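Hello,

Here is the structure I promised to pass on. Please open it first, then read my notes below.

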Amino acid sequence: MFSIIAAIGKNNELGKDNKLIFKIKDDMTFFKEKTSGHKIVMGHKTWDSLPGKLKNRENIVISRHDFPGPDQIIHDLDAFIQTNQNTDEEIYIIGGGTVYFQFLPYAQNIYLTEINQSEKDATTFFPEFDKTKYNQTLIKKGSENGLNYQIIRYTVKNLK
Ligand SMILES: NC(=O)c1ccc[n+]([C@@H]2O[C@H](COP(=O)([O-])OP(=O)(O)OC[C@H]3O[C@@H](n4cnc5c(N)ncnc54)[C@H](OP(=O)(O)O)[C@@H]3O)[C@@H](O)[C@H]2O)c1
């Protein structure tokens, strides 16, 4: 089973120049709590944006290339989706934009931190999706450094 986890701005902004835009400590804590002990899947650019492997998680990177560092590199995304989409194991899809887009039709859950702020120079965006196809649960609401945010879990009503 796949669960997407992301933090987005008012216009679905995800990143700028291969960096995160918004830094909310509570959101980082939520991300760590959810993903620790699990497999995490990310695109090569997101991997490059990190200081290194995320601890206590199996770091899986999607790329057409091979390079040292990750626990696993996936070249064949379709095969990975087929093998893992109907399992009970929760695999977290942690970005970036190209990877969210490709996993969206197969993800059971989307954990979205929605931040009430925009960034006009953003370079990467979360894909549009039809919210009426998901049940929504408010997990948390808060404010930090002048940024208001809410964390919502979207759970698909009918998965592909
Ligand atoms: N706000 C958030 O929650 C959040 C979370 C994560 C990331 N981000 C931000 O998002 C940005 C990065 O996202 P991005 O969309 O630019 O890049 P990305 O999705 O992280 O990585 C794109 C790369 O992944 C590989 N890839 C993707 N699909 C593939 C496929 N089907 N088969 C083989 N390889 C595939 C390719 O690597 P190769 O070129 O090596 O083949 C591609 O160039 C950064 O700014 C980052 O900070 C934000």
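**What surrounds the ligand**

H4 gives the largest share of the shell around the ligand, with five residues. Keep in mind that this is a predicted model.

Helix H4 covers residues 97-103. Other elements also give two or more residues to this shell: strand S1 (2-8), strand S2 (13-16), strand S3 (19-20) and helix H2 (44-49). There are 26 residues around the ligand. Those that come nearest are His44, Thr46, Ser63, Arg64 and Thr98. By type, the shell holds nine nonpolar residues, 13 polar ones and four charged ones.

**Contacts with the ligand**

Start with Ser63. An N or O atom in its side chain is 2.6 Å from an oxygen atom of the ligand. Next, look at the backbone. Gly97 has a backbone N or O atom 3.0 Å from a ligand oxygen. For Lys45, a backbone N or O atom lies 3.2 Å from an oxygen atom of the ligand. How much of the ligand's accessible area does the protein cover? On its own, the ligand has 940 Å² of accessible area, and the protein covers 86% of that.

**The pocket**

Where does the ligand sit? It is in the largest pocket. The volume of this pocket is about 1,300 Å³. It is lined by 43 residues. Closest to the pocket centre are Thr46, Ser49, Ile94, Gly95 and Gly96. Thr46 is also on the list of residues that come nearest to the ligand.

Which elements supply at least two residues each to the lining? They are S1, S2, S3, helix H1 (25-35), H2 and H4. Again, H4 provides the largest share, five residues. The lining divides into 17 nonpolar, 17 polar and nine charged residues.

**Two backbone details**

Most residues other than glycine have a negative phi, and most peptide bonds are trans. Two places here are worth a look on that score.

The bond between Gly95 and Gly96 is a cis peptide bond, with omega at about -5°. Gly96 is in the loop between strand S7 (91-93) and H4. Both Gly95 and Gly96 were named above, among the residues closest to the pocket centre.

The other place is Asn12. Its phi is near 70°, which is positive, and Asn12 is not a glycine. Find Asn12 in the loop between S1 and S2.

Best wishes

Key
Residues numbered from 1 in each chain as written. Predicted model: local features only at pLDDT ≥ 70, side-chain atom pairs only at ≥ 80, totals over all residues. Heavy atoms only, no water. Near = heavy atom within 4 Å. Polar contact = N/O pair within 3.5 Å; in protein donor to acceptor, adjacent residues only side chain to side chain. Areas by Shrake-Rupley, 256 points an atom, 1.4 Å probe, with all protein chains shown as cover. 1 Å grid on protein atoms, 1.4 Å probe; cavity = no way out; pocket = protein on both sides within 12 Å on 5 of 7 lines; lining within 4 Å. Sits in = over half its atoms within 2 Å of the grid points. Helix = DSSP H or I, 4+ residues; strand = E, 2+ residues; numbered from the N terminus. Nonpolar A, V, L, I, M, F, W, Y, C, P; charged D, E, K, R; others polar. Points joined across faces, edges and corners; volume = space filled by probe spheres on them.
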